[in-house]
Amino acid sequence: EGGGAMAAAGSGRPGPAALALLGLLPGAPTCPHGPALLFVKTSQGKEEGRRFYACSACRDRKDCNFFQWEDEKVSETRLAAREEYNRNHQPSFTHRQNVDRYKNFVLLPLSKRRFCQECQQLLLPAEWEEHSDHQFLCDITTAQLKSPSQLLHPLENKKTNAQYLFADRSCQFLLNLLIDLGFRRVLSVGTPRLHEMIQSKASQEEFSVRSLLLDIDFRYSQFYTEDEFCHYNMFNHHFFGGEAAHETCRKFLSEENGERVIMVTDPPFGGLVEALASSFKKLMAMWKETEKEGHDYKEMPMFWIFPYFFESRILDFFPSFSMMDYQVDYDNHALYKHGKTGRRQSPVRIFTNLTPSMIVLPEEEGYRFCTVCQRYVSSGNQHCEICNSCTSKDGRRWKHCVLCKKCVKPSWFHCDSCKCCTLQKHSCEKRDVGCFVCGEAGHKRSACPSLSRT
């Protein structure tokens with residue numbers, strides 16, 4: 001749901017060369033999106049290539065063309081030019097200025113409340129003149145101000161700010177689930193719609209849940225105070241607001257009066273799992289620092305919302321996590337909508353470190369409890385006696401292959417030449433169906449879980 005993605009590393013063309021992420025190093029050079037990440041290009045059968053730094057948040061050079069070889073000597077002149085460039089590419093108002101502007105904006109009569117669609121900015125009357133040739137919305141109501149994710153254009157550049165917003169059904173389900181589980185504080189990392197729903201209910205009576213939104217989309221600073229929103233890059237754990245913003249987050253995570261905290265995150269699906277996992281571990285460590293005695297949890301409770309075909313990658317980094325069957329839907333994504341059959345179903349799931357039996361899924365949407373697995377599963381997910389588990393990942397009933405010793409998708413058949421199950425129409429030599437990288441169907445090269453393996 002959040003914006004900004006260093007999408008899965010790769011050369012842009014199918015081939016044996018791949019990029020490996022080496023991580024965030026102390027003293028790394030910075031671009032407008034914070035410290036750059038270190039990568040190395042690897043080719044099969046060859047020794048490692050030269051290491052280089054690139055932007056953590058954009059893989060499209062048009063969005064941020066930061067690049068530097070690790071062993072490159074950068075002149076003072078170029079360093080000064082880079083600092084100047086980084087300064088010039090910061091937002092035109094600070095968060096504090098945006099908060100003050102908002103206070104002035106809400107005092108205006110409805111007829112004077114304008115929002116510039118081109119600049120994605122709330123306008124004060126003194127600024128109308130300079131935006132006179134832009135498209136703008138008039139008569140901005142309080143309800144619109146409370147739903148900024150509907151007022152702002154979603155950033156849909158898939159390579160940078162893949163900002164897909166939860167459908168209302170999924171958002172309401174998540175919030176109800178969090179309340180039923182007894183959480184009273186939600187660290188919303190890249191989930192503006194969930195944050196917004198909590199904020200709008202918080203102004204009503206007898207609603208005790210609070211949320212802090214961490215997001216790379218600075219436009220939200222126009223609508224939320226510094227205690228409600230931190231400008232944050234989840235690919236390098238960078239708080240743009242520096243120590244003050246870091247402290248806001250740390251304070252939010254320290255649980256007072258037994259108000260339990262959970263982190264809910266919905267990263268761009270092209271995002272490198274390593275980079276995300278590294279940041280999430282740092283947020284978990286912040287929670288651990290503030291932890292009070294007598295805690296039920298060893299690690300900060302978390303919901304990581306991501307496609308099911310990344311399951312093995314997420315479990316590599318978080319062995320305590322498991323994947324729930326609930327299908328998360330999005331408003332503005334053509335494919336990720338709740339459907340009844342096959343490919344129309346959303347592949348997006350909730351990964352969590354909470355006990356699976358605690359996550360109650362709605363029976364009216366076709367989920368049921370499996371007493372053997374001790375978790376809710378989708379109705380088509382039949383328990384396999386041989387695997388001793390409910391094996392389906394995509395909501396359809398899967399079938400067991402004795403030769404592969406596992407359950408596979410219903411459309412797959414065992415191929416003796418490939419010695420595994422695959423689609424019936426495939427070329428044994430090239431495996432040129434589905435994904436270029438791993439040959440599996442169900443996802444494109446850019447979202448391949450195996451791409452980011454070193």
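1. A residue is called buried under 20% relative accessible area, exposed over 50%, and partly exposed in between. Asp139, at 39% relative accessibility, therefore counts as partly exposed. The coordinates come from a predicted model, and the values below are computed from it.

2. Overall content. The protein chain has 9 helices and 25 strands. Of its 454 residues, 50% are buried. Among contacts in the protein chain with a separation of 6 or more, 58% are between residues 24 or more positions apart.

3. Asp139. This residue lies in the loop between E9 and helix H3 (142-145). Asp139 is not a glycine, yet its phi is positive, at about 50°. The backbone at this position is worth a look in the display.

4. The sheet of E7, E8 and E9. Strands of a sheet pair through backbone hydrogen bonds, either parallel or antiparallel. Here 3 strands form an open sheet in the order E8-E7-E9, and the pairing is antiparallel. Cys116 has Gln121 of E8 as its bridge partner.

5. The helix on this sheet. Which helix lies across E7 and E8? Helix H2 (residues 95-107) does, and H2 runs at about 50° to E8.

6. Gln120. The loop between strand E7 (114-116) and strand E8 (121-123) holds Gln120. Is Gln120 buried or exposed? With 9% relative accessibility, Gln120 counts as buried, because the cut-off is under 20%. Apart from neighbours within four places in sequence, Gln120 is in contact with Phe115, Leu152, His153, Arg219 and Gln222.

7. The E18-E19 hairpin. E18 and E19 run antiparallel and are joined by 4 bridges. The bridge partner of Phe369 is Tyr376 in E19. The hairpin has 4 residues between its strands, and in the turn Gln374 has a positive phi of about 55°.

8. Val372. This residue sits in the loop between strand E18 (367-370) and strand E19 (375-378). Its relative accessibility is 53%, so Val372 counts as exposed. Leaving aside neighbours within four places in sequence, Val372 is in contact with His383 and Asn388. Val372 and Cys390 are 18 residues apart along the chain, and their C-alpha atoms are separated by 8.9 Å.

9. The E24-E25 hairpin. Strand E24 (residues 412-415) pairs with strand E25 (residues 420-423) in the antiparallel sense, over 4 bridges. Opposite His414 stands Cys421 in E25. The hairpin has 4 residues between the strands.

10. Lys419. Lys419 belongs to the loop between E24 and E25. Although it is not a glycine, Lys419 has a positive phi of about 55°. At 67% relative accessibility Lys419 counts as exposed, because the cut-off is over 50%.

11. Packing of H7 and H8. Two packed helices are described by the angle between their axes and the distance between the axes. For helix H7 (residues 242-253) and helix H8 (residues 273-290), the angle is about 60° and the axes are 8 Å apart. H7 and H8 are therefore oblique to each other. The crossing in which H7 passes H8 is right-handed.

12. The H7-H8 contact. Which residues make the contact? H7 supplies His246, Cys249, Arg250 and Leu253. From H8 come Leu283, Met286, Trp287, Glu289 and Thr290. Sorted by class, the contact of H7 with H8 has 5 nonpolar, 2 polar and 2 charged residues.

13. Points to check. Positive phi values are found at Asp139, Lys419 and Gln374.

Definitions and conventions. Residues are numbered from 1 along each chain as its sequence is written. This is a predicted model: local features need pLDDT of at least 70, side-chain atom pairs count only at pLDDT 80 or more; totals for chains, interfaces and linings use all residues. Side-chain values use heavy atoms; hydrogens and water are left out. Helices (H or I, at least four residues) and strands (E, at least two) are DSSP runs, numbered from the N terminus. Buried means under 20% relative accessible area, exposed over 50%, partly exposed in between (1.4 Å probe, protein chains only). Contact means heavy atoms within 4.5 Å. Axes are lines fitted to C-alpha atoms, for helices over the stretch in contact, and angles run from 0 to 180 degrees between N-to-C directions. Angles under 35 degrees count as roughly parallel, over 145 as roughly antiparallel, 65 to 115 as roughly perpendicular and the rest as oblique. A crossing is left-handed if the near helix is turned anticlockwise from the far one by less than a right angle, and right-handed if clockwise. Ala, Val, Leu, Ile, Met, Phe, Trp, Tyr, Cys and Pro count as nonpolar, Asp, Glu, Lys and Arg as charged, and the others, Gly among them, as polar. Two strands pair if DSSP finds at least two bridges between them.
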